Amino acid sequence: MKDYILGVDLGGTNIKAAAYRLESYEKVGEKRLPTQVEGGWEHVLDRVLAALEELLRHTPRERVLCVGMGVPGLLDIEAGVSRFSPNFPQWEDVPVAAWLGERLGLPVAFHTGRDPLSPEVIHCQ
């Protein structure tokens with residue numbers, strides 16, 4: 001049974017990740033890290049991965065439906081690619097969903113909304 005979702009708010013200063021119960025939207029875990037954009041896109045995604053892996057230490061991976069991720073800038077939501085972000089230097093055509101999905105073994109979906117960590121805006125397709 002898939003009864004958890006993970007959310008990521010990727011900002012230019014901080015990465016915020018949270019785990020929620022799918023039915024009640026109760027937050028069951030949260031992790032924050034500095035983004036460290038100067039390290040490049042792979043370094044930033046490594047930090048996102050570290051935050052999510054920390055949450056998965058307390059949330060059974062096999063019960064997670066997906067990861068929803070808010071990323072600033074121009075997105076190709078269907079392809080899971082960040083085309084450009086003004087917050088990250090040299091951030092062009094970054095395959096965010098595939099890169100994270102392969103490492104996590106979970107589907108990753110972009111989403112947009114005023115509060116990227118809000119479970120109401122995390123849509124797993």
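Predicted model: local features only at pLDDT ≥ 70, side-chain atom pairs only at ≥ 80, totals over all residues.
## Overall layout

The protein chain contains 2 helices and 8 strands. Read from the N terminus on, these elements follow one another in the order β-β-β-α-β-β-β-β-α-β. Of the 125 residues in the protein chain, 48% are buried.

Contacts can also be sorted by how far apart their two residues lie in the sequence. Among the contacts in the protein chain that have a separation of 6 or more, 55% are made by residues 24 or more positions apart.

## Helix H1 and its surroundings

Helix H1 covers residues 41-56, which gives 16 residues, and from its first C-alpha to its last it reaches 22 Å, close to the 22 Å expected at 1.5 Å a residue. The buried residues of H1 are Val-44, Leu-45, Arg-47, Val-48, Leu-49, Ala-51, Leu-52, Leu-55 and Leu-56, so Arg-47 is listed as buried under the rule that buried residues have under 20% relative accessible area.

What lies over these buried residues comes from several parts of the chain. The cover includes strand S1 (4-10), strand S2 (14-21), strand S3 (27-34), strand S4 (64-70) and strand S7 (92-94), together with helix H2 (96-104).

## Helix H2 and what follows it

In helix H2, the buried residues are Val-96, Ala-97, Trp-99, Leu-100, Gly-101 and Leu-104. The elements that cover them include H1, S4, S6, S7 and strand S8 (108-110). After H2 comes Gly-105, a residue whose phi is positive, near 70 degrees.

## How the two helices meet

Two packed helices are described by the angle between their axes and the distance between the axes. For H1 and H2, the angle is about 40 degrees and the axes are 11 Å apart. This angle makes H1 oblique to H2, because an angle counts as roughly parallel only when it is under 35 degrees, and as roughly perpendicular only from 65 to 115. The crossing of H1 and H2 is right-handed.

On the H1 side, the contact is made by Trp-41, Glu-42, Leu-45, Asp-46, Val-48, Leu-49, Leu-52, Glu-53 and Leu-56, while on the H2 side it is made by Val-96, Trp-99, Leu-100, Arg-103 and Leu-104. Sorted by kind, the residues of the contact of H1 with H2 comprise 10 nonpolar and 4 charged residues, with no polar ones.

## Two residues of strand S6

Val-81 belongs to strand S6 (residues 81-84), and with a relative accessible area of 11% it is buried, because buried means under 20% relative accessible area. Leaving aside neighbours within four places in sequence, Val-81 is in contact with Leu-74, Leu-75, Asp-76, Asp-93, Val-94, Pro-95 and Phe-110. The C-alpha atoms of Val-81 and Val-96 are separated by 5.6 Å, although these residues are 15 residues apart along the chain.

Phe-84 is also found in strand S6, but Phe-84 has a relative accessible area of 42% and is partly exposed. Not counting residues up to four places away in sequence, Phe-84 touches Pro-72, Gly-73, Leu-74 and Trp-91. Between Phe-84 and Val-94, which are 10 residues apart along the chain, the C-alpha atoms are separated by 8.1 Å.

## The start of the chain

Lys-2 sits in the segment before S1, and its relative accessible area of 43% makes it partly exposed. Apart from neighbours within four places in sequence, Lys-2 is in contact with Leu-22, Glu-62, Arg-63, Val-64 and Leu-65. Lys-2 and Cys-66 are 64 residues apart in sequence, and in space they are 8.9 Å apart, C-alpha to C-alpha.

## Loop residues with positive phi

Tyr-25 lies in the loop between S2 and S3, and its phi is near 60 degrees, a positive value in a residue other than glycine. With a relative accessible area of 34%, Tyr-25 is partly exposed.

Gln-36, found in the loop between S3 and H1, likewise has a positive phi, of about 60 degrees, although it is not a glycine. At 30% relative accessibility, Gln-36 counts as partly exposed.

Note on methods
Residues numbered from 1 in each chain as written. Heavy atoms only, no water. Helix = DSSP H or I, 4+ residues; strand = E, 2+ residues; numbered from the N terminus. Buried < 20%, exposed > 50% of the residue type's maximum accessible area, 1.4 Å probe, protein only. Contact = heavy atoms within 4.5 Å. Expected span 1.5 Å × (residues − 1). Axes fitted to C-alpha atoms, helices over the stretch in contact; angles between N-to-C directions. Parallel < 35°, antiparallel > 145°, perpendicular 65-115°, else oblique. Left-handed = near helix turned anticlockwise from the far one by under 90°. Nonpolar A, V, L, I, M, F, W, Y, C, P; charged D, E, K, R; others polar.
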